[in-house]
Amino acid sequence: MEGVVMADSADSFPFSDGPLASQPPEFVRRRQQCPVSHVTLPTGDPALLVLKHQDIEAIMGDDRRFTRDLSDPSAPRLFPNILVLEDPELMMNMHGDDHLRLRRIIASAFTPRRAEKWRDEVRAIVDELLDDVERMGPPVDLMANFAYRLPTRMVCRLLGISDDEGDRTLGWVAAWLSVDAIPVEERDKAAAEFTAWAVALIEERRANPQDALLDHLISARDVDDRLTEGELVSMLRGLIIGGNETIANAISRSVLSLMRFPERWEELLANRDLIPKAVEELLRFSPPGGGASGLLRLATEDVELPSGAGTVRKGQAVLTPLVAAGHDPEAFPDPEELRFDREGKTSTMQFGAGRHFCPGVHLARVELQTVLAALLDRFPKLHLPVEPEELPWSEGSYGTSLLGLPVAW
Ligand code: HEM
């Protein structure tokens, strides 16, 4: 590939994260020296690592010249043995007309107006969960007792599933995202359990319909024949993964960032109008997936990248880590500073771009804004009772997550 500099150090992706699961230092080095560089993926497949905001935005927004369909057996793979990337019926892994067909089915459930309608219910759930946290007394692990519980409940409300059923889904999410955190047999058992659960749930709802997203999906299948039975099960899987893990990690990483920079917490205490901006900046600063976030795309023709860093050749795989986009100093000056007064309209890219742009974006914003407001209202003296460096982080999964977040108030 023209213009692409071969990095001079070991090129095995992913690279080690920086302190507190921040952007890998190798990204900083490469962005300066070779913003498009060759890497070897954990599967042994080659890919181009793209680290400039401008190029990442252009690639993710260009559905014509970059495809997410890697179903061809000879196509490169990001990780070996990771179920979520292997399901060809999952919308996230589809391209073109089939992908659009599925997006259209769920579109009406994810409009900004629908998300706004959830706001009061989100606050009620947040308050109920924080009542539990308060009752437990400090220190409380906010990750297990709050960050995971809120999005699980919201996905349940969205789909019309009981909270108890929702709690069962968490183990399945971990199994789908496991690279080697969970032994393959256990992971496959969990995946099979989900499928049996989903098939039974869909049958039950065919017999006793409600008026939730799951019923809408079933009707799209049964009445209009707009998706297959397999796609219906995979849609359920995609919504459960998309709705849970990202939000849980966004909450815990955002709280950690605010606790590390108490002056930003004080700023929000003094001015709640900053909350929407704070949510975007916190996502940029410490995005849910960390250094390995982002999905592979394949070039369907030669593409010259807008930064001038090089030309991607037809058939090459590109990897566009979202944390790299949010930490490009050309797009966000002093990217390691957490600031709620950033000017301009530059997208942090944390919800993607193009046709795969996160459908849950509006709901996610409502959830995260509500969480910040409730924590500020109820726990103005929130703090970490341990040093941030002592916090445990996950290994062996797609994305780095906090395993626990003790807080006191
Ligand atoms: C902070 C929270 C969230 C973040 C940062 C996030 C981020 C993203 C990103 C970056 C993508 C695009 C991936 C790509 O094209 O490479 C995506 C897709 C997706 N997200 Fe989200 N998401 C969040 C919350 C949610 C929620 C709450 C839901 C649903 C309830 C959801 C459901 C999905 C689905 C189904 C897709 C696949 C869309 C497609 O392939 O067309 N996400 N998300």
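Trainee: How many aromatic pairs does the count come to?

Mentor: Please keep in mind that this is a predicted model. Two rings pair if their centres lie within 6.5 Å. By this rule the number of aromatic pairs is nine.

Trainee: Is the pair of Trp172 and Trp197 stacked, edge-to-face or tilted?

Mentor: A pair of aromatic rings is described by the distance of the centres and the angle of the planes. For Trp172 and Trp197 the centres are 5.2 Å apart and the planes stand at 50 degrees. Planes under 30 degrees apart count as stacked and those over 60 as edge-to-face, so the pair of Trp172 and Trp197 is tilted.

Trainee: Which helices hold Trp172 and Trp197, and how many residues apart are they?

Mentor: This pair links distant parts of the chain. Trp172 belongs to helix H8 (residues 163-177) and Trp197 to helix H9 (residues 184-207), and their separation is 25 residues.

Trainee: Are Trp172 and Trp197 buried or exposed, and which residues form one aromatic cluster?

Mentor: Both Trp172 and Trp197 are buried. They also belong to one aromatic cluster, whose members are Trp172, Trp176, Phe194 and Trp197.

Trainee: What kind of aromatic pair do Phe261 and Phe285 form?

Mentor: Their rings lie 5.8 Å centre to centre. The angle between the planes is 85 degrees, and planes over 60 degrees apart receive a name of their own. The pair of Phe261 and Phe285 is therefore edge-to-face.

Trainee: Where in the chain are Phe261 and Phe285, and is Phe285 buried or exposed?

Mentor: Phe261 lies in the loop between H11 and helix H12 (262-270), while Phe285 is in helix H13 (residues 275-285), 24 residues apart. The relative accessibility of Phe285 is 9%, and the limit for a buried residue is under 20%. Phe285 therefore counts as buried.

Trainee: With which residues is Phe13 in contact, leaving aside its neighbours within four places in sequence?

Mentor: Contact requires heavy atoms within 4.5 Å. Among the partners of Phe13 are Phe27, Val39 and Leu41. Others on the list include Gly291, Ala292 and Leu319.

Trainee: Which element gives the most residues to the shell around the ligand?

Mentor: There are 27 residues around the ligand, and those that come nearest are His99, Arg103, Arg297, His356 and Cys358. By class, the shell has 16 nonpolar, eight polar and three charged residues. With five residues, the element that gives the most is H11.

Trainee: How far from an oxygen atom of the ligand are the polar side-chain atoms of Arg103 and His356?

Mentor: A polar contact here is a pair of N or O atoms within 3.5 Å. A polar side-chain atom of Arg103 is 2.8 Å from an oxygen atom of the ligand. For a polar side-chain atom of His356, the distance to an oxygen atom of the ligand is 2.6 Å.

Trainee: Finally, is Glu121 buried, exposed or partly exposed?

Mentor: Glu121 is found in helix H5 (residues 112-136). Its relative accessible area is 31%, which lies between the limits of 20% and 50%. Glu121 is therefore partly exposed.

Technical notes:
Residues numbered from 1 in each chain as written. Predicted model: local features only at pLDDT ≥ 70, side-chain atom pairs only at ≥ 80, totals over all residues. Heavy atoms only, no water. Phe/Tyr/Trp six-rings, centres within 6.5 Å; stacked < 30°, edge-to-face > 60°. Helix = DSSP H or I, 4+ residues; strand = E, 2+ residues; numbered from the N terminus. Buried < 20%, exposed > 50% of the residue type's maximum accessible area, 1.4 Å probe, protein only. Near = heavy atom within 4 Å. Polar contact = N/O pair within 3.5 Å; in protein donor to acceptor, adjacent residues only side chain to side chain. Nonpolar A, V, L, I, M, F, W, Y, C, P; charged D, E, K, R; others polar.
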